[in-house]
Amino acid sequence: MNQGFDGSSLVGHSVILLYSFLENSPNCAFLPELKALGNQLKSSELSLRSEGPFDGDLQTDGNRPGRFHDVEPVVGDEEVFRIIGAQLAEIGDRLALEIEPSWINSLVQHFMAENFSREEIIRHLSEAVQALARRMPVEMDRDQAMLVIAMVLARNVASTAPSLFHRVFVTTVNYINDYLWDYVNNLALEG
């Protein structure tokens, strides 16, 4: 069984969606890391344990930060989410042109700082996503824009610093699960 930071299950649509998005992104410097992750996901031996301060403490609302929702995707859903991830990668390629390198460089620095907690890293990612979403075309659904921006930021940070791939992947999945869980799970109904 795949594991999150706090030992909970790393399964669900957000993992498949992000993996497919990254797999369908051109010219990425983290392909060896992505392939290794894919092999681990296929063999169900992935143990995503954090290094440093990501310890699974309780939040003030009683939830564990970074928990991966214990919902196994339905087998048919997996292919749907792979296709959606590929489609979102195409949209992400266009949106990536709107993202200034300073956003990426700032996030790289935050991901590299081992003294930042999981919550602080997700807060920085969330702030970047929200600021960039305000700049996106009005015709794009806000949740879709936030999802694509989060995945583009993950791709660009991991391309800039491939050694951060694992941390970036897990943090982005946590962000998606924390902020866009309903939207992502409804994608299969729309797809």
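A polar contact is a pair of N or O atoms within 3.5 Å; within protein, one must be able to donate a hydrogen and the other to accept it, and residues adjacent in sequence count only if both atoms are side-chain atoms. Helices here are DSSP runs (H or I, at least four residues), numbered from the N terminus.

This is a predicted model, in which local features need pLDDT of at least 70 and side-chain atom pairs count only at pLDDT 80 or more, while totals for chains, interfaces and linings use all residues. Residues are numbered from 1 along each chain as its sequence is written, and side-chain values use heavy atoms, with hydrogens and water left out.

**Stop 1: α6**

Select residues 142–160, which form helix α6. The 19 residues of α6 reach 26 Å from the first C-alpha to the last, close to the 27 Å expected at 1.5 Å a residue; the expected span is 1.5 Å times one less than the number of residues. Now show Asp 141: at the start of α6, one of its side-chain oxygens comes to within 3.1 Å of the backbone nitrogen of Asp 143. Of the 19 residues in α6, 14 are buried (buried means under 20% relative accessible area, exposed over 50%, partly exposed in between, with a 1.4 Å probe and protein chains only).

**Stop 2: α6 against α7**

The axes of α6 and α7 come within 9 Å and cross at roughly 170°, which makes α6 roughly antiparallel to α7. Axes are lines fitted to C-alpha atoms, for helices over the stretch in contact, and angles run from 0 to 180 degrees between N-to-C directions. Angles under 35 degrees count as roughly parallel, over 145 as roughly antiparallel, 65 to 115 as roughly perpendicular and the rest as oblique. Residues making the contact include Met 146, Ala 150 and Ala 154 of α6 and Phe 165, Val 168 and Thr 172 of α7; contact means heavy atoms within 4.5 Å.

Centre on Val 168 in α7. At 2% relative accessibility, Val 168 counts as buried. Leaving aside residues up to four places away in sequence, Val 168 touches Phe 111, Ala 154 and Val 157. Its C-alpha is separated by 8.5 Å from that of Arg 155, 13 residues apart along the chain.

**Stop 3: α4**

From Val 157, go to Ser 106: the two are 51 residues apart in sequence and 9.3 Å apart in space, C-alpha to C-alpha. Ser 106 is in helix α4 and, at 34% relative accessibility, counts as partly exposed. His 110 lies in α4, residues 101–112, and counts as buried at 16% relative accessibility. Among the residues that His 110 touches are Phe 116 and Ile 121.

**Stop 4: α5 against α7**

Select α5, residues 118–133, with α7: their axes come within 10 Å and cross at roughly 70°. The two helices are therefore roughly perpendicular to each other. Ile 121, Leu 125 and Val 129 of α5 are among the residues in this contact, as are Thr 171, Tyr 175 and Tyr 179 of α7.

**Stop 5: α2**

Select residues 31–43, helix α2. Its buried residues are Leu 34, Leu 37, Gly 38 and Leu 41. Seen down the axis of α2, they fall within an arc of 105°, so they line one face of the helix; the arc is that of the directions from the helix axis to the C-beta atoms. On the other side of α2, Pro 32 and Lys 35 are exposed.
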